[in-house]
Amino acid sequence: MKRNICIVIATLMLIVPWTILPLRTFDWALQSPVAEIMVYGYAAFMIFSGIFSFLVYTKGGVKNTWMQVCAVINGIYAVGAAAILCMAIANLFF
């Protein structure tokens, strides 16, 4: 049961980052404070989802093909989100 719940959570974490695309079609989402908060929030979520999927796959013992796919894709999301956060932090100092 625990394995299935972890697989469902990791699968849902694949879909959530794509919800930023319809949100960005609204004018309020493109204004300065809201846009930055949305990007940072999504980036934090993607880093969390990458860490969660990796830990479930390695330490949780859920080693099936779908969980491997979820771990790889969420890991790619996490690396991209970390790069976005590093660029934002570097922009504050330079």
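Ground rules next. This is a predicted model, so I note that local features need pLDDT of at least 70 and side-chain atom pairs count only at pLDDT 80 or more, while totals for chains, interfaces and linings use all residues. Residues are numbered from 1 along each chain as its sequence is written, and side-chain values use heavy atoms, with hydrogens and water left out.

**Entry 1: the whole chain**

I looked up the secondary structure and found 4 helices and 0 strands. Here helices (H or I, at least four residues) and strands (E, at least two) are DSSP runs, numbered from the N terminus. The order from the N terminus is α-α-α-α.

I took the box along the principal axes: the C-alpha atoms fill roughly 45 × 30 × 15 Å. Of the 94 residues in the chain, 29% are buried. The accessible surface comes to about 6,300 Å², and 77% of that belongs to carbon and sulfur atoms; the areas come from the Shrake-Rupley method with a 1.4 Å probe, and for residues only the protein chains shown count as cover.

Then contacts, meaning heavy atoms within 4.5 Å. Among those between residues at least 6 apart in sequence, 68% join residues at least 24 apart.

**Entry 2**

Two packed helices are described by the angle between their axes and the distance between the axes. I use axes that are lines fitted to C-alpha atoms, for helices over the stretch in contact, with angles from 0 to 180 degrees between N-to-C directions.

At what angle do helix α1 and helix α3 pack? Residues 2–15 (α1) and residues 32–58 (α3) pack at about 150°, with their axes 10 Å apart. That makes α1 roughly antiparallel to α3; the cut-offs are under 35 degrees for roughly parallel, over 145 for roughly antiparallel, 65 to 115 for roughly perpendicular, and oblique for the rest. The crossing of α1 past α3 is left-handed, a term for the near helix being turned anticlockwise from the far one by less than a right angle, with right-handed used if clockwise.

I listed the residues that make the contact: α1 gives C6, I9, A10 and M13, and α3 gives F45, F48, S49, F52, S53 and V56. They divide into 8 nonpolar, 2 polar and no charged.

Is S49 buried or exposed? S49 is buried, with a relative accessible area of 0%. Leaving out residues up to four places away in sequence, S49 touches M13 and N74.

**Entry 3: α1 against α4**

Here the axes come within 10 Å and cross at roughly 40°, and α1 and α4 are therefore oblique to each other. I noted a left-handed crossing for α1 and α4 as well. From α1, I7, A10, T11, M13 and L14 meet W66, M67, C70, I73, N74 and Y77 of α4. The tally for this contact is 9 nonpolar, 2 polar and no charged.

Back to W66, which lies in helix α4 (residues 65–93). Which residues does W66 touch, not counting residues up to four places away in sequence? I found I7, T11 and L14. I also checked W66 against I37: 29 residues apart in sequence, 32 Å apart in space, C-alpha to C-alpha.

**Entry 4: α3 against α4**

The axes of α3 and α4 come within 7 Å and cross at roughly 145°. This crossing is left-handed, and its contact residues divide into 17 nonpolar, 6 polar and no charged.

L85 lies in α4 and counts as partly exposed at 24% relative accessibility. Setting aside neighbours within four places in sequence, L85 is in contact with Y40, A43 and I47. L85 and V39 are 46 residues apart in sequence but 9.0 Å apart in space, C-alpha to C-alpha. G80, also found in α4, is partly exposed, with a relative accessible area of 32%. From G80 to G61 I read 19 residues in sequence and 26 Å in space, C-alpha to C-alpha.

Notes: Buried < 20%, exposed > 50% of the residue type's maximum accessible area, 1.4 Å probe, protein only. Nonpolar A, V, L, I, M, F, W, Y, C, P; charged D, E, K, R; others polar.
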